[in-house]
Amino acid sequence: MPEREDALRCRLRVQGIVQGVGFRPFVHALATRYRLTGRVGNDMDGVYVEVEGPPDRVAGFRADLVTHAPPLAVVERVSAETIACRAESGFSIASSASGGPSRTLVSPDVATCDDCLRDLSDPADRRFGYPFTNCTNCGPRLTIVTGVPYDRASTTMAGFTMCPDCASEYGDPGDRRFHAQPVCCPKCGPHVRLVSLDGTEVPGGDPIAGAADSLRAGRVVAVKGLGGYHLAADATSEAAVRVLRRRKSRDAKPFAVMVGSLDAARELCAVDPAEAQALGSPRRPIVLLRRRPDARIASAVAPGDRHLGLMLAYTPLHHLLTRAFPRPMVMTSGNASDEPMCRTEAEAFERLAGIADHLLAHDRPIHTRADDSVVRIVGSREYPVRRSRGYAPAPLALPEAARRPVLGSGAELKSTFCLASGERAIVSPHIGDLENYETLRAYTSGIDRFRRLFGIDPAIIAHDLHPEYLSTKHAHECADVELMGVQHHHAHVASCLADNGETGPVIGVALDGLGYGTDGALWGGELLVADLAGFERRGHLEAVALPGGAAAIREPWRMAAAYLDAAYGGAIPEGLPVARRNAARWHRVLTVARSGVNSPWTTSAGRLFDAVAALIGLRDRVSFEGQAAVELEQRADPAETSAYTASVTGSETLLIHGTDLVRDLVDDLTGGADPPTVAARFHNGLVRALAHACFRLSAETGLSAVALSGGVFQNVLLLCRVREELEQMGLRVLVHRSVPPNDGGISFGQAAVAAARDARR
């Protein structure tokens, strides 16, 4: 006990991701080391700490509280006040306080740590082979949390009463399972079972061994993971993968593959140090890697794709399954195409019947869905493609604080939503495309769940301008809120600004498929001068017809016809292969394009990529969004440096002439150039045109920073070459860091715009 005349008592408030990450046991150990008395506890605001002792020890404790915080903690803010001494004995962990609005954060789910893997593998350990082994440093978080403060009673583990051994670990400050809320063991925790789709148990003693036998037999197994069910199949078996494709109605979109170790990943793909770090990080994303030519993988896993989406096992159940079945496994979302992942056993029985042969199920409920995250490595840094499990709901900083709470309602495709309050924005896990009832229901229920969980009741809802987006319609159905429309491409640029902690203004390059413009037209290849609050459209790709509307998105040859018609003023050269392949409908589609009936004009960069893919014979029809553009990027010869030429005209509004690129391309094709050369020269030509336009805008505006956003910038060849070209011109380039450049980042951009506009009133 400290002497009263030489004691200081300090009350600290710690905010950030400090619940469910071992922060209280860390504080307990730290206070014990400094020989301080007091207590630590969770409440609705985060963690509070009271420490008492000599001032120099209290000062050392306060410094170490931040600098030595647990690896999973994110300490955003620590405030302190001096209070009256109490002359207590010892340091304790207080019971959690509840009530009032929540202002704390929830950790993302975390892959199994090395210590728990050792327990899992040790025959002498009581958790040997137990598929729910976890500790303070790993395991489920967001997917099991039902409320805050984060205690066992506020998780889906509430129904599992700890046995004496687990309770002893849970209550021992020296144990790494001290106050680990999901702690359990084979005596008291969840259990796995293998069942058929009619609900009957599959005979055999070990469900995981039975699932491995099923995979070896070419069957499809639905595996319950952290955030929902996956569909697993033998990735080395053409027959098994084709069965999965047929049943899932997924013709060609690549499947993700799970392996048990980094060595196994290297047998399939080239893995550089940054990629290895991403694969093995606690977040365990799917990493898009260059496939090895000799990779033992079925061609049907990723047809025609030079890359594979690989992830390492990230739960004890996955580790045990990869040991029982040591071949690569397809591990794709457990759903029919365009639906959300199945979360419950009842959903799996209903929606996966006819797709899966068996369910490897368990009885730990999933409260919040979380699909797997996807990243690419650009340079040595992660470049997000889909932000979900392992990343969400870690908070993102708003460059301009939200004066009133905001909901960014997101877009129609790759949907997410974003809740923002003060300086903090929380983006939901990836939800999917709002095209069916199940996905829309997951979207609306997710908003309600996050509002309660994080205590954010929006006063402003920012939404896309497109009146037919279901996210826009949902915003308009909400009562007692201010609605704020945010143009789609401005939201893209704003998301890139906010992702880099900047407010602008910048030159924004927003390239994507389609977005509703302020003039009611379909934009998609935009040059904006923008800050967070507003923008001016200063350039774009020239507009061409979208013959047949949505049909032109599904059939890129239609865009080839439209671009050829525009490029040659109707006098299209004879004998082009794309016209021969589609001769039966070619002239009818041209007639539609010229009539303007069901053929809106668009400046879309995505549709230009589609047109080029069809022109060089890669893809006349697509089965998933962006398929033609992905194949065009992959076909391009990275060693080719020559480029087609696109003129940039105009003064007040710059116009980039994509038809110039098309004419050069046709000349090259008819001259015998091969597709890899043509694809590369097209990329290089577009890069130079974009860079030239940005340089002109920089000279006119005095702006020296350029933000690159929109789904087309998932094309890493384009991204890197645009950035390189701009930097050689002396311009500073902003690219995405934490949210995807595609529509998955739109909600964050909307929230940033709404916060900035509201703050500047």
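## Cysteines

Partly exposed means a relative accessible area between the buried limit, under 20%, and the exposed limit, over 50%. Cys720 has 27% relative accessibility, so Cys720 counts as partly exposed. Cys478 falls in this class too, because its relative accessibility is 25%. These values come from a predicted model.

A disulfide is a covalent bond between the sulfur atoms of two cysteines. How many disulfides does the structure hold? The count is zero. Take Cys478: its nearest cysteine sulfur belongs to Cys418 and lies 15 Å away. A pair must be within 2.5 Å to count as a disulfide, so Cys478 is in none. For Cys720, the nearest cysteine sulfur is that of Cys496, 14 Å away. Cys720 is in no disulfide either.

## A crossing of two helices

Helix 18 spans residues 605-615, and helix 19 spans residues 627-635. Their axes come within 8 Å. They cross at roughly 65°. The crossing is left-handed.

Which residues of helix 18 and helix 19 make the contact? Helix 18 supplies Phe609, Asp610, Val612 and Ala613. Helix 19 supplies Ala628, Ala629 and Leu632. By class, six of the contact residues are nonpolar and one is charged. No polar residues take part.

## A covered helix

Is helix 9 mostly covered or mostly uncovered? Helix 9, residues 316-324, is mostly covered. Seven of its nine residues are buried. The buried residues are Pro316, Leu317, His318, His319, Leu320, Leu321 and Thr322.

Note on methods: Residues numbered from 1 in each chain as written. Predicted model: local features only at pLDDT ≥ 70, side-chain atom pairs only at ≥ 80, totals over all residues. Heavy atoms only, no water. Axes fitted to C-alpha atoms, helices over the stretch in contact; angles between N-to-C directions. Helix = DSSP H or I, 4+ residues; strand = E, 2+ residues; numbered from the N terminus. Left-handed = near helix turned anticlockwise from the far one by under 90°. Contact = heavy atoms within 4.5 Å. Nonpolar A, V, L, I, M, F, W, Y, C, P; charged D, E, K, R; others polar. Buried < 20%, exposed > 50% of the residue type's maximum accessible area, 1.4 Å probe, protein only.
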